[in-house]
Amino acid sequence: MKKKQSATGLFFSMFLRAIVVILAIVIVCLVVALIRSLIHNKGKNTDDTGTSAVASTEIQDDPLITAKATEAVTEKPAPADVNHAIKIVVLNGTSTNGVAGAWKEKLNNEGYTSVEAANYSGSTGKSLIYRKTDGAGTELDAYLKEPQVIENFDSSNTDADISDADVIIVIGKNDDIVSNP
């Protein structure tokens, strides 16, 4: 035979069950927040300056992580002693129309006075930078996400006149400001 509970006993029994349910919900929320934090920080490390950098290109291919990383990127202003008169040729190395033109406009807005835009016959994931002379346009690296510096440039990959260019930039998919503003 089942024993009847008093009203006080029934109240405390229900009260304890409610507390257990609330604690379970809090624990689940904390675990979800921890997992999101770990996923967001996966592949990041901190260098000696305290800034974090993405350690793997595989992580950058993940659209969720790439979106978060893109939001966190801040453009570094160009130093005052920058030579804004250098000749820059920006080539579109993506399948998106207008990328080189958008970068030309961006660099013009940053004070660069001699920027040309054209197409690149190939495509690239990361942006490429070719400098005719060492140190030319090194401040341009700050505008791009992990640019790859190349030592030689094959002029057959573009119809642009690059003969007098100081710097040639091939914009890759990771710096497509038209599709991913």
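Lys 87 stands opposite Ser 114 in strand β4, and the chain reaches β4 from β3 by passing through helix α4 (residues 99-109), in a β-α-β crossover that is right-handed. The model described here is predicted.

**Strand β3 and its cover**
- Strand β3 spans residues 87-92 and is mostly covered, with six of its six residues counted as buried.
- Lys 87, Val 89 and Leu 91 point one way from β3, whereas Ile 88, Val 90 and Asn 92 point the other way, and all of these residues are buried.
- In a regular strand, side chains alternate between the two faces of the sheet.

**Pairing with neighbouring strands**
- Strand β3 is joined by six bridges to strand β4 (residues 114-119), and the two strands run parallel.
- Strand β3 is also joined to strand β7 (residues 167-171), here by five bridges, and this pair likewise runs parallel.
- Within the pairing to β7, Val 89 has Ile 168 as its bridge partner, and Val 89 is itself one of the buried residues of β3.

**A nonpolar patch on the surface**
- Phe 11, Phe 12, Phe 15, Leu 16, Ile 19, Leu 23, Ile 27, Val 31, Ile 35 and Ile 39 form a nonpolar patch on the surface, and together they have about 970 Å² of accessible area.
- Ile 19, one of the patch residues, lies in helix α1, which covers residues 7-41.
- Ile 19 counts as partly exposed because its relative accessibility is 33%, a value that falls between the limits of under 20% for buried and over 50% for exposed.

Key:
Residues are numbered from 1 along each chain as its sequence is written. This is a predicted model: local features need pLDDT of at least 70, side-chain atom pairs count only at pLDDT 80 or more; totals for chains, interfaces and linings use all residues. Side-chain values use heavy atoms; hydrogens and water are left out. Patches are made of residues with over 30% relative accessible area and no salt bridge: like charges are joined within 9 Å, nonpolar side chains (Val, Leu, Ile, Met, Phe, Trp, Tyr) within 5 Å. Accessible areas come from the Shrake-Rupley method with a 1.4 Å probe; for residues, only the protein chains shown count as cover. A salt bridge is a side-chain nitrogen of Lys or Arg within 4 Å of a carboxyl oxygen of Asp or Glu. Helices (H or I, at least four residues) and strands (E, at least two) are DSSP runs, numbered from the N terminus. Buried means under 20% relative accessible area, exposed over 50%, partly exposed in between (1.4 Å probe, protein chains only). Two strands pair if DSSP finds at least two bridges between them. A crossover is right-handed if, with the strands pointing away from the viewer, the path from the first strand over the helix to the second runs clockwise.
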